[in-house]
Structures are given as C-alpha cells and as structure tokens.
Amino acid sequence: MPSIKASDVKLTQEEFVNRLAPYGHKYAWFMQHGYKPHYYQSMFHTMETDGKLTRFRHLVAGRRGGKTLSAIWEVLYYCQNPRMYWQDFHGIPDKDDSLW
C-alpha cells in the first residue's frame with residue numbers, strides 16, 4: 001500500500017499538478033464549494049493503487065491536521081457525483097448507481 005510521510009521529499013510543482021490532473025473535476029468541485037486542501041490532504045485525495053484511487057486511505061496527523069475535514073469533503077463529493085465514484089475507484093466510466 002502506498003504511503004506519504006512528512007519526512008519524504010515533497011513533490012515538485014510539476015509532479016504535484018500531474019498527480020492532481022486526473023482528479024480535476026473533484027478539485028474544481030472542492031474549490032467551488034470553498035474547500036482548499038493543503039498538501040497532505042491533497043495526497044490523501046489522490047492516493048492511487050493500480051491506477052485507481054486506493055480503497056482504504058487514512059491521514060495520520062495531529063490535532064487540527066484536517067483529517068475529518070478531508071474525509072467529509074471526500075464523502076460529500078462522491079455522494080453528489082456517483083458517476084465519478086465508479087470511475088475513480090473502479091475504473092467504470094459510465095455507471096451512475098448511487099452509493100447507497
């Protein structure tokens with residue numbers, strides 16, 4: 001399972017943009033709704049395994065590190081955009097089933 005640690009060298013600006021690129025729709029939605037994730041929250045939102053979002057991800061941080069906020073925005077986005085959920089997590093582009 002992939003992991004990002006604070007002691008790791010941060011991505012360059014170009015690498016960071018390339019990492020966010022497949023999730024442009026998600027980040028546009030975040031920005032429209034007033035959520036601006038910091039670097040480690042962005043790593044959480046884009047953690048991939050085999051070209052798809054990693055199913056079980058967690059953000060390890062201290063108090064006020066943005067853990068709950070990240071999780072809430074992630075769930076809210078995919079509840080309102082179920083088609084993107086199927087695409088990002090399962091690689092199925094045209095499935096529109098809701099998450100519940």
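Me: A charge sits over a ring if NZ of Lys or CZ of Arg is within 6 Å of the ring centre and within 35 degrees of the ring normal. Which ring does Lys26 lie over?

Reply: Lys26 lies over the face of Tyr23, at 5.3 Å from the ring centre. Lys95 gives another case: its charged end sits over the ring of Trp86, 4.1 Å from the centre. A word on the ground rules. This is a predicted model, where local features need pLDDT of at least 70 and side-chain atom pairs count only at pLDDT 80 or more, while totals for chains, interfaces and linings use all residues. Residues are numbered from 1 along each chain as its sequence is written, and side-chain values use heavy atoms, with hydrogens and water left out.

Me: What is the mean pLDDT of the chain?

Reply: pLDDT is the predictor's confidence in each residue, from 0 to 100. Where it is low, the predicted coordinates should not be read in detail. Here the chain has a mean of 88, and 95% of its residues reach 70 or more. Helices (H or I, at least four residues) and strands (E, at least two) are DSSP runs, numbered from the N terminus. Confidence is highest in α2, at 95, and lowest in helix α5 (residues 82-90), at a mean of 89.

Me: How many salt bridges are there?

Reply: Side chains of opposite charge can pair when their charged atoms come close. A salt bridge needs a side-chain nitrogen of Lys or Arg within 4 Å of a carboxyl oxygen of Asp or Glu. The count is three. Take Lys26 and Glu74: their closest N and O atoms are 3.2 Å apart. Lys26 is in helix α2 and Glu74 in helix α4, so this pair ties together parts 48 residues apart in sequence.

Me: Is Lys26 buried or exposed?

Reply: Buried means under 20% relative accessible area, exposed over 50%, and partly exposed in between (1.4 Å probe, protein chains only). Lys26 is buried, at 1%. Glu74 is buried too, at 5%.

Me: Which other salt bridge does Glu74 form with a buried partner?

Reply: One with Arg57, at 2.9 Å, N to O. Arg57 lies in the loop between β2 (52-53) and α4, and Glu74 in helix α4, so the pair ties together parts 17 residues apart in sequence. Both residues are buried. Lys95 and Asp97 also meet in a salt bridge, at 3.7 Å, N to O. Lys95 is partly exposed, at 29%, and Asp97 is partly exposed, at 42%. Shared partners join Lys26, Arg57 and Glu74 into one network.

Me: How many aromatic pairs are there?

Reply: Rings of Phe, Tyr and Trp (its six-membered ring) pair if their centres lie within 6.5 Å. Planes under 30 degrees apart count as stacked, over 60 as edge-to-face and the rest as tilted. The count here is 15 aromatic pairs. Trp29 and Trp73 have ring centres 5.8 Å apart and planes at 70°, so they are edge-to-face. Trp29 is in helix α2 (residues 24-32) and Trp73 in helix α4 (residues 67-80), so the chain parts they link are distant, 44 residues apart. Trp29 and Trp73 are buried.

Me: How do the rings of Phe30 and Trp73 meet, and which helices hold them?

Reply: Their centres are 6.4 Å apart and their planes at 75°, so this pair is edge-to-face. Phe30 lies in helix α2 and Trp73 in helix α4, so parts 43 residues apart in sequence are tied together. Phe30 is buried, as is Trp73. One aromatic cluster takes in Trp29, Phe30 and Trp73, with other members including Tyr27, Trp86 and Phe89.
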